[in-house]
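Subject: Structure handover

Hello,

Here is the structure I promised to pass on. Please open it first, then read my notes below.

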Amino acid sequence: MNDLMKLVLSLSLSGSLLILLLLLARPLFQGRASRAVQYYLWLLVIARLLLPLTPQASLMGTLFAQFEKNADCVDRKNNTLQDAENSNLPGYGCPAEYTEMPAGQGTDTSGAPDFSPQESLPAAGQESAFSSEGNAGQMPLHRIADALLQNLWLIWLAVALALLVRKITVCQSFTKYVKAGCREVSDTALLDSLAQICVRSGVKKPVELYENPLVPSPMLLGFLRPCIVLPCAGLPEQDFRHIIMHELVHYKRRDLLYKWLVQIAACLHWFNPLIRIMDREACRACELSCDEAVLRSLPEQERHSYGDTLMHALSRYPGNFSPAAPASVTLGESAKLLKERLNAILCFQPKLRWNISISLLLAAVLAWGFTVSGAYRSLPDSRQPGSAKIIESQNIPDSSDDVFPEASNHPAIDQDTDGGALPKTDHAFSGKVYTYTYRQDGFYQVPYLFTLGWNLLDRDLKHYESMSLSLSDNSKITLLLEDSCRDFPLDADACQSLSSLLLKLKADMEGTEYPLTLPLLINVRNTGDSTPLELAEQLYQNDLIGFSAVYPLLEETEQKRFLDRAFSDSAVSFYGCCLNHINTDSDTLNRFAEKACADNQIALFDTTLNYLEPDGSLVSQYAQKAYSENNIAIFNACLNYLTSDNPVLGQLAEDAYENDNAAFFSCLAYHMEQDTLDYWTARAIEDKKSQLLSVLFENADRDDDKN
Amino acid sequence: MPHNFTTVIQQVSDSELELLKIVWANGGTALYAQIQEKLTETGRTWQKNTIITLLSRLVDKGLLKARKIGRRNEYTAIVPEADYQAAQAQALLNKLYAGSAKGLVSTLIQRDMLSAADYEELKQFWEKGAAKQ
């Protein structure tokens, strides 16, 4: 459903809640709180209906999040049945989506719990297993329903606009009609009386006075040039005064505007039945509070005669007169309301003390209701200035020279296909966010442990402190400093150490794809007397980059120990780091692979496979084992390391084909060459295996972006 | 530019006419303050808003033009008094005497509405006119 539609619905719902609240509360404060309170509280309801303001967490927010989540589930099910874009299937193709870095898949993550990709894979597998040809018939119906939902907002908007336009035109013609029959009141006595009342009421603008016998009740017209229209100017003096006072109160409080807001809300929420009730109630509150204001300014003995005025003026026209649009605010539009108003006059008392507390209480409750109910808010783009991003995870590269730091201190990382950890950095730059990657690495120059990044962009110069380091080949280099390293320039020894390191790096990187430019000092640590082992212990599970810098200096036994430890702790990144630097034999690797397979630790398994000899035979064994055990995750992981000419793949494909095992077949198809795909496509067409066909077609398209 | 008094001039109420007369008497232009002063001199106790309302009605009817000088309003008569009188006289003639002045004059004479001096003046005017023809 469209975001706009959701917003409107949520506003309508919240507004309805508030309306109900106010309606229920009415008997409570009948006669205790002043009418004006009710009048203003309705304004709050109108605001709730019209303004898309909401706090981060609100009732509507969670309600709609639930709704969206369910919609997502349904969508997923539908998608696997259709031959349209399958948002799930890429899950088969990306074997290494690790739960260490929660990733958002292509589907909407708004409010829904993160579907850990490991969950989604088996789920999708099950669904496709269930799928049958019979469901194909439901698809068009789903599509129609879907299309309708998407375009619901158009219907809503069309009706709302039509209603609004109609109201405006009715209003205009009414005004014209009234103005046409108006005659100026020239009696200066009346004009003077009017002027005096204006002064007393605090109305600055001169108010015109007209007479129009066609008008059923005295009324106030006009926003900018207010005029009062009377059916008959020849009224007893007291009646005249009361009427004028009443109308002027309407003018001062801008009741015309109030009524328009009510009408706009009624137009926008035309589908909501409670809106009619609100309309009626708000108008009631308007009139009653107006009466109250007039009564308050009248001396006590005159109050009863105000009732007489109302009787004289309104009882001539029984029934309702209310123009479809609020062109005017009148003395009264309904004889039914008249009774209530007369009653109110009889019971009128000047404000009691505890009225105020009740009013405040009610206002507070309603305001709380306003905020809590909230509105739908389309989820903000996950990009927010200043915060770290969660990036889509990708395959682990074949050779990971460096390893990826834990996401806690550093911005989330992305991986380069040629290996190496490339942290992305996001900076708030006048509200906009830009991301790019820079390399990061750890270096252990005893006793300093440096974490450096380099090849930052020039525009980041303004975000960091910087210093100029002179290297021993008499060149200078600008070094950016992270906030934590601001005191670095004060430590001469550290500077010395770093400059020699930088010199070496510069020389090493000269002429390569990434020559050394604009380095960033992320962290510097004086490790003092700590031995590498002690350091490794400290850094293990805490600082991957530092660990990777120190690890190569450890004794072999120590390295092995860490390797085992990382494996058993399932610290994939550290495990990978260890594997990178250690010399292991294939037996050990095999052992690890077996164990990872048995424990269903996909991440560890995959990392291990990375380092196995690429003869494929071991890996194919794993693949076959995974196939027979129906472990798609392991299976998928293995496929990445098998070449497409491996005969085992052919066997497995044949088997999957025969058994209509779409899930596994899809994994295999992802790695097939085009001619293999064509072969299978031809067979599938002949054997009329539609689901496998759809899998094949999907993979035919994605050839371009594979690897 | 002489105002064509055959153009329809809207009816003004008595109070509005009073204001118009004040403006005319002041040379065709008057400040609000002056108008108000004159009114109080003649014993009128109209409220400020009343006067403003009446003046704005005259402006709407095209008989006055309003201008702001600093914070004060100045009103200028668009239709000269003579034109206005002529228009009103014509309207009266049309309405009551079928457009002919003779009937009016005879009324004035028969009802003794003309003073002796007025009568003399009228007679001279009449004979001069007849002589021209």
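Start with Trp368(A), which lies in helix 14 of chain A. Helices here are DSSP runs of H or I with at least four residues, strands are runs of E with at least two, and both are numbered from the N terminus. Trp368(A) is exposed, with a relative accessible area of 55%. Buried means under 20% relative accessible area, exposed over 50%, and partly exposed in between, with a 1.4 Å probe and protein chains only.

Before going on, the ground rules. This is a predicted model, in which local features need pLDDT of at least 70 and side-chain atom pairs count only at pLDDT 80 or more, while totals for chains, interfaces and linings use all residues. Residues are numbered from 1 along each chain as its sequence is written, chains are lettered from A and ligands numbered from 1 in the order in which they are written, and side-chain values use heavy atoms, with hydrogens and water left out.

**Surface patch**

Helix 14 (residues 353-373) gives the largest share, three residues.

**Hairpin**

Strand 9 (residues 439-445) of chain A has six of its seven residues buried. It pairs with strand 10 (residues 448-454) of chain A in the antiparallel sense, over seven bridges. Pairing requires at least two DSSP bridges. Two residues sit between the strands of this hairpin. Gly442(A) has Thr451(A) as its bridge partner in strand 10.

**Aromatic rings**

Rings of Phe, Tyr and Trp (its six-membered ring) pair if their centres lie within 6.5 Å; planes under 30 degrees apart count as stacked, over 60 as edge-to-face, and the rest as tilted. The count comes to 22 aromatic pairs over all chains. One of them is Phe547(A) with Tyr551(A), tilted, at 5.5 Å centre to centre and 35° between the planes. Phe547(A) is buried at 0%, and Tyr551(A) is buried at 0% too. Ring pairs also link these two with Tyr540(A), Phe562(A) and Phe574(A) into a cluster.

Best wishes
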